[in-house]
Amino acid sequence: MLSPALVSPFAMLLNPEIVLQAMEDSPRLNHLHSRVYRPLDKPLIPRGKLQALAELAEFDRLVDEATEPSIADSDVDELADFGLPS
């Protein structure tokens, strides 16, 4: 049977020792398998992808340097035909 301190979440906040003791005594929690996953210190990038990354960086640079095309007068007239403000 669970104690009243473990039923109410607010009581659990006030008595964390009781919660920790219940976790340590729980047979269901003791039978769980656990594994520790550690992130890699440095991601490994295969050498074949370096060329693709360089090409992507070059493309990004070209896009950043590009200017937006200006709207021609004929395009403005077409917008007016559709009832859009020019």
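Predicted model: local features only at pLDDT ≥ 70, side-chain atom pairs only at ≥ 80, totals over all residues.
# Notebook: an all-helix chain

**Confidence first.** The mean pLDDT of the chain is 75, and 63% of its residues reach 70 or more. Helix 4 (residues 27-30) has the highest mean pLDDT, at 88. Helix 6 (residues 73-81) has the lowest, at 59. I'll keep that in mind when I look at helix 6.

**Elements.** I counted six helices and zero strands in the chain. Read from the N terminus, the order is α-α-α-α-α-α.

How many of the residues count as buried? Of the 86 residues in the chain, I get 6%. I also looked up the accessible surface, which comes to about 8700 Å². Carbon and sulfur atoms account for 62% of that surface.

**Salt bridges.** I searched the whole structure and found two salt bridges. I took them one by one.

The side chain of E58 meets that of R61 in a salt bridge, at 2.4 Å from N to O. Where do E58 and R61 lie? Both are in helix 5 (residues 47-65), three residues apart, which is about one turn of the helix. E58 is partly exposed, with a relative accessible area of 36%. For R61 the relative accessible area is 36%, so R61 goes down as partly exposed.

The other bridge I noted is between the side chains of E65 and R61, at 2.9 Å from N to O. E65 and R61 are four residues apart in helix 5, so about one helical turn separates them. Through shared partners, the salt bridges join E58, R61 and E65 into one network.

**A nonpolar patch.** Which residues make the nonpolar surface patch? I wrote down L50, L53, L56, F59 and V63. Their patch covers about 470 Å². I followed up on one of them, L50, which is found in helix 5. Is L50 buried, partly exposed or exposed? Its relative accessible area is 42%, so L50 is partly exposed. A patch residue needs over 30% relative accessible area, and L50 has 42%.

Technical notes: Residues numbered from 1 in each chain as written. Heavy atoms only, no water. pLDDT = per-residue confidence, 0-100. Helix = DSSP H or I, 4+ residues; strand = E, 2+ residues; numbered from the N terminus. Buried < 20%, exposed > 50% of the residue type's maximum accessible area, 1.4 Å probe, protein only. Areas by Shrake-Rupley, 256 points an atom, 1.4 Å probe, with all protein chains shown as cover. Salt bridge = Lys/Arg side-chain N within 4 Å of Asp/Glu carboxyl O. Patch = residues over 30% accessible without salt bridge, like charges linked within 9 Å, V, L, I, M, F, W, Y side chains within 5 Å.
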